[in-house]
Amino acid sequence: MAGEAEQNPRFFVAVHVGAGYHAPSNEKNLRSAMKRACLAAASILRKGLWWMCRCCFSGYSNTGDINRMRWFSCHWNFSICWNPVIFKDDPSTNAGRGSNLTEDGHVECDASVMDGDSGAFGSVGAVPACRPGVRNAIQIAALLAKEQMLGSSLLGRVPPIFLVGEGARVWAKSKGIDLTATIEEADEWLVTEKARQQWQKYRAMLDDAMAKKKNSSVETAMLSELKAQPSDSSKGNEGGQSSALEDDYIMDTVGVICVDTEGHIASGASSGGIALKVSGRVGLAAMYGSGCWASSKGPFGAPFIVGCCATGAGESLMRGFAARECCISSSLSQAGPASACTKVLRSVVQNSSQHGTDKSAGILLVQADAPITAPQNSPKLKAIEMAASYSSMSFGIGYFGSSMERPKVSILRSSKLQGRTGIDHFEARVPLEKSLQ
């Protein structure tokens with residue numbers, strides 16, 4: 001029937017809560033956050049594409065503009081579904097509230113979104129929350145991408161795709177995005193007690209090393225220890241081994257990939273960055289082609305629906321354009337998404353080993369079968385293949401499709417395979433049409 005796709009839209013959403021070490025004591029909170037994120041996304045994707053477009057572009061009367069921008073709905077879905085869970089409510093992830101602090105003791109966030117059909121990309125880096133600032137960096141990134149869909153602004157100026165620091169905050173304010181009223185309000189909301197204690201511990205380590213005026217090798221060793229061990233500060237312990245294993249050390253981003261009933265795909269990423277980072281440092285989640293990627297075509301123009309999010313050792317993943325390379329590798333190979341993820345991650349691990357830097361990382365990839373098109377019917381998504389590869393101690397992922405009764409979420413942990421190859425992986429194929437019983 002012609003209206004079947006509208007009445008029973010198919011969808012798929014995959015999320016992750018970072019690679020690194022997820023303490024068993026916090027696993028319940030992380031699993032709950034992923035479930036709520038999947039359900040929030042599904043509640044909108046179930047309502048169909050045009051409902052989302054009306055919500056996102058209700059102020060536009062030009063039908064041509066709406067048609068041109070309609071596939072951006074998945075982006076906005078990311079900002080309005082993932083944000084309330086991860087940014088506003090849940091301090092258990094390293095994004096927004098609960099983020100790692102800079103060396104100055106403040107929160108600076110990175111975020112990006114990308115639309116697979118148009119290639120529209122919006123990104124912000126080192127967005128400050130230490131003054132009357134922005135709670136939700138991803139909201140600015142989504143608005144940047146939205147304005148690209150609208151085309152040139154006044155006097156033909158090209159809309160920006162990437163804003164950083166204070167400039168991003170000022171631009172957000174000019175577009176009507178809510179800012180915190182005071183520095184105190186920003187800190188009260190974004191800086192958790194656990195993050196503050198972790199910062200105090202690492203800041204004291206850095207100050208002590210600098211006071212001793214030792215050579216740079218001492219500082220490098222201290223920073224390597226900082227990256228290699230999970231924080232034990234929230235337990236009030238003096239660095240005991242058992243306490244260290246009770247706390248999280250989540251490397252970097254949270255991310256999401258959404259696919260709607262017609263196969264339109266979008267992805268997004270957001271992060272509070274690494275602990276004790278230099279103020280102004282722009283991380284993986286903001287960088288084009290690195291933190292997230294989405295495309296509806298292969299490198300030679302043939303239809304190929306794929307999206308990816310990367311997390312972990314930011315500088316190594318940025319140098320290799322990890323998310324983009326994963327999508328391209330998947331489109332060129334017949335070996336499947338798991339092989340593409342592992343191939344890209346292996347190069348990251350090798351590069352990190354050569355330079356003596358942290359090699360913990362995770363890659364989440366979603367590949368959709370081409371939608372089925374029947375006479376007098378809208379295209380309908382058939383099935384999804386997804387894969388997650390990781391070189392870290394753990395990697396938190398979740399996914400939910402229209403054929404599933406409930407989201408599946410898991411904290412993947414390192415196995416004997418990782419001991420041999422340095423990389424673990426998970427893969428699944430999810431049909432999106434509910435079977436008739």
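Predicted model: local features only at pLDDT ≥ 70, side-chain atom pairs only at ≥ 80, totals over all residues.
Figure 1. With a relative accessibility of 1%, S290 counts as buried. Apart from its neighbours within four places in sequence, the residues in contact with S290 are L284, A310, L317, M318, F321, A322 and A323.

Figure 2. S394 belongs to strand β12, which comprises residues 394-401. The relative accessible area of S394 is 0%, and the residue is therefore classed as buried. When neighbours within four places in sequence are left aside, S394 is in contact with G18, A19, G20, Y21 and H22, and also with I411, L412 and R413.

Figure 3. Helix α6 consists of 14 residues, 137-150. From the first C-alpha to the last, α6 reaches 21 Å, which is close to the 20 Å expected at 1.5 Å a residue. Ten of the 14 residues of α6 are buried, so the helix is largely enclosed by the rest of the structure. The buried residues are A137, I138, I140, A141, A142, L143, L144, A145, K146 and M149. After α6 comes G151, which has a positive phi, near 95°.

**Figure 4. A nonpolar patch on the surface.** Four residues, I161, F162, V164 and Y288, form a nonpolar patch on the surface. Together these residues have about 330 Å² of accessible area. Because its relative accessibility is 36%, I161 counts as partly exposed.

**Figure 5. Cysteines C38 and C341.** The structure contains zero disulfides. For C38, the closest cysteine sulfur is that of C258, at 8.9 Å, which is too far for a bond. For C341, the closest cysteine sulfur is that of C326, at 4.0 Å, and this distance is also too far for a bond. The reasoning rests on a cut-off, because a disulfide requires a pair of cysteine sulfur atoms within 2.5 Å. C38 counts as buried, with 0% relative accessibility. C341 is likewise buried, with a relative accessible area of 0%.

Key
Residues numbered from 1 in each chain as written. Heavy atoms only, no water. Helix = DSSP H or I, 4+ residues; strand = E, 2+ residues; numbered from the N terminus. Expected span 1.5 Å × (residues − 1). Buried < 20%, exposed > 50% of the residue type's maximum accessible area, 1.4 Å probe, protein only. Patch = residues over 30% accessible without salt bridge, like charges linked within 9 Å, V, L, I, M, F, W, Y side chains within 5 Å. Areas by Shrake-Rupley, 256 points an atom, 1.4 Å probe, with all protein chains shown as cover. Salt bridge = Lys/Arg side-chain N within 4 Å of Asp/Glu carboxyl O. Contact = heavy atoms within 4.5 Å.
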